[in-house]
Amino acid sequence: MKKLTAIIFTIIGMLTMANAANYTSPNSNFVLIKGGSFVMGSPESEDWRSNDETQHSVSVASFYMAKYEVTQKEWREVTGKNPSNFTGDKLPVESVTWLEAIEFCNSLSRREGRTPVYTITGGGLSVSWNRAANGYRLPTEAEWEYAARAGTKTPFYSRRVPGADDVNFYGHYPYQIEQNYFNDSVLETRPGVYRGKTVDVGSFAANPNGLYDIYGNVGEWCFDYYGDYGRSPQSNPTGASEGTRRVYRGGGWNDFGKNLRSAYRAALSQGNGAYNVGLRLVCNADDSVKGTVTTREISTATKTAKGKALIIFYSWSGNTRGVAKEIARQTGYDIIELELVTPYSTNYNTVLDQAQRDQHKQARPALKTKIDSKKWAEYDTIILGYPNWWASIPMPIATLLESYDFSGKTIMPFCSHGGGRFGQSITAISKLAPKAKLTEGLSIHYSGGSTLSKDVEKWLKKTGVKK
């Protein structure tokens with residue numbers, strides 16, 4: 001009997017050890033983020049905050065987080081492919097969709113003998129997460145912000161506002177440059193270099209948790225659907241159970257300083273990739289959180305069957321107007337230019353001040369242009385054009401998005417820019433038109449030059465407008 005009892009306790013001990021081993025750190029490139037509580041979101045006094053950053057108390061369990069963003073070498077070794085816009089083994093992988101990111105997590109888990117976390121059904125329309133599984137996964141929004149803040153309550157984890165020597169971002173535009181554009185000497189951190197591309201992971205100092213590039217380089221996919229936080233305390237939240245956009249955090253190589261803040265939330269359709277969005281892996285540190293979370297993609301299928309498309313755009317200098325006219329020339333689609341009741345100044349310096357002021361207070365300038373509701377309903381595709389102003393959409397575009405029903409419509413965005421491509425303008429559109437389907441966009445440098453016609457044609461073919 002004693003011998004049998006000893007055998008039983010030995011087996012139990014072995015099982016316990018095996019179970020404990022399931023939750024050990026994958027390798028030295030992961031750090032333990034000890035669980036705790038923090039205030040998620042930003043205070044109303046934080047400059048350039050968005051109204052979707054409602055502060056609320058959150059507690060999270062311990063987890064392991066990768067020190068570095070997933071590199072192209074790591075991605076290629078698992079998938080055999082490299083979709084990145086910039087290429088290099090040590091560069092972060094980017095241009096991957098959220099669905100591709102979770103499939104990568106599962107593949108890497110199987111490869112290393114860990115239990116895959118996600119079950120994907122219906123072509124990605126339904127995704128379930130086994131919260132007790134020890135495989136690789138994406139962080140939740142709460143985990144990401146908790147790890148990024150590293151115990152801080154300020155806009156950034158560092159006491160000093162990060163600059164181009166600290167982070168890979170659009171270094172010409174550090175935090176709060178917008179309202180100090182003509183006198184940047186008052187800024188804590190002055191403008192620096194803009195690299196215009198990704199850099200090798202780990203090129204800058206880590207945050208206090210030992211995480212490199214938590215701001216800048218590429219944004220990082222999170223598990224959550226984008227939605228309102230609410231104000232109630234939460235424990236290990238996973239976001240909305242259904243939605244149309246997935247969250248990514250941290251900002252990328254072409255983002256302004258305001259979009260690197262710990263609380264800033266970006267969003268993109270789970271089937272779309274972007275040249276400034278990649279991923280960072282996490283895995284469970286213990287089995288304290290169990291159960292299954294199932295999320296469902298809400299359909300944004302076109303409701304109409306007219307097959308009609310409208311090119312609608314706002315232009316100040318004429319660059320966006322030129323792109324819009326080229327699209328109209330190649331497609332024959334209807335075209336409308338947005339006009340304001342009170343137009344912005346024609347003076348460059350003045351309009352810069354007006355544009356950043358309106359964006360800062362999220363103004364909605366009145367539109368002189370009106371579209372009959374019956375006429376609007378005939379269009380199932382909206383080809384939406386604008387200049388990239390301060391890394392986002394001009395506020396006249398925000399007025400348009402809130403003035404008309406975009407539910408079930410397809411939005412094809414295009415912009416003219418001076419170096420930042422789309423910035424965070426796609427996120428702005430995603431938030432203001434959550435029930436629309438977004439296609440891959442077209443960004444044109446200034447007027448597009450001699451390649452404009454070919455660039456437009458290539459984009460129209462890629463999005464299925466032209467064969």
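The entries below start with the ground rules and then go through the model piece by piece.

**Ground rules.** I'm working with a predicted model, where local features need pLDDT of at least 70, side-chain atom pairs count only at pLDDT 80 or more, and totals for chains, interfaces and linings use all residues. Residues are numbered from 1 along each chain as its sequence is written, and side-chain values use heavy atoms, with hydrogens and water left out.

**Entry 1, the open sheet.** I looked up the strand order and got β5-β6-β14-β9, an open sheet of 4 strands with mixed pairing. Helices (H or I, at least four residues) and strands (E, at least two) are DSSP runs, numbered from the N terminus. Strands pair if DSSP finds at least two bridges between them. The edges are β5 (118–121) and β9 (242–243), each pairing on one side only. I then checked β6 (residues 126–130) against β14 (residues 292–297): they pair in the antiparallel sense over 5 bridges. Val 127 stands opposite Thr 295 in β14. Helix α3 (residues 98–111) lies across β5 and β6, and runs at about 130° to β5. That angle is between N-to-C directions, on a scale from 0 to 180 degrees, with axes fitted to C-alpha atoms, for helices over the stretch in contact; contact means heavy atoms within 4.5 Å.

How many aromatic pairs does a search of the whole structure find? I get 29. My cut-offs: rings of Phe, Tyr and Trp (its six-membered ring) pair if their centres lie within 6.5 Å, with planes under 30 degrees apart called stacked, over 60 edge-to-face and the rest tilted.

Tyr 68 lies in the loop between β4 (63–66) and α2 (72–79), and Tyr 212 in the loop between α4 (141–149) and β7 (219–225), so the pair ties together parts 144 residues apart in sequence. For burial I use relative accessible area: buried is under 20%, exposed over 50%, partly exposed in between (1.4 Å probe, protein chains only). Tyr 68 is partly exposed at 27%, and Tyr 212 is partly exposed at 23%.

Next I took Phe 86 and Trp 253, an edge-to-face pair at 5.3 Å centre to centre and 85° between the planes. Phe 86 sits in the loop between α2 and α3, and Trp 253 in the loop between β10 (246–249) and β11 (266–268), so this pair ties together parts 167 residues apart in sequence. Phe 86 is buried at 16%, and Trp 253 is buried at 1%.

One aromatic cluster is made of Tyr 170, Tyr 173, Tyr 181, Phe 182, Tyr 194, Phe 256 and Trp 390. I found Trp 390 in the loop between β17 and α8 (395–403), buried at 7%. Trp 390 and Phe 256 are 134 residues apart in sequence, yet 7.8 Å apart in space, C-alpha to C-alpha. Leaving out residues up to four places away in sequence, Trp 390 touches several others, including Glu 178, Lys 258, Leu 352 and Gln 359.

α5 (residues 319–331) has 13 residues and reaches 19 Å from its first C-alpha to its last, close to the 18 Å expected at 1.5 Å a residue. The expected span is 1.5 Å times one less than the number of residues. Its buried residues include Val 323, Ala 324, Ile 327 and Ala 328. Residues three or four places apart on an α-helix point the same way, because there are 3.6 residues a turn. Among the elements covering the buried residues of α5 are β15 (308–313), β17 (379–387) and α10 (452–462). I looked at β17 next: 9 of its 9 residues are buried. β17 pairs in the parallel sense with β15 over 6 bridges and with β18 over 7 bridges.

Most residues other than glycine have a negative phi. Asn 217 has a positive one of about 70° and is buried at 0%. Gln 362 is at about 50° and partly exposed at 45%.
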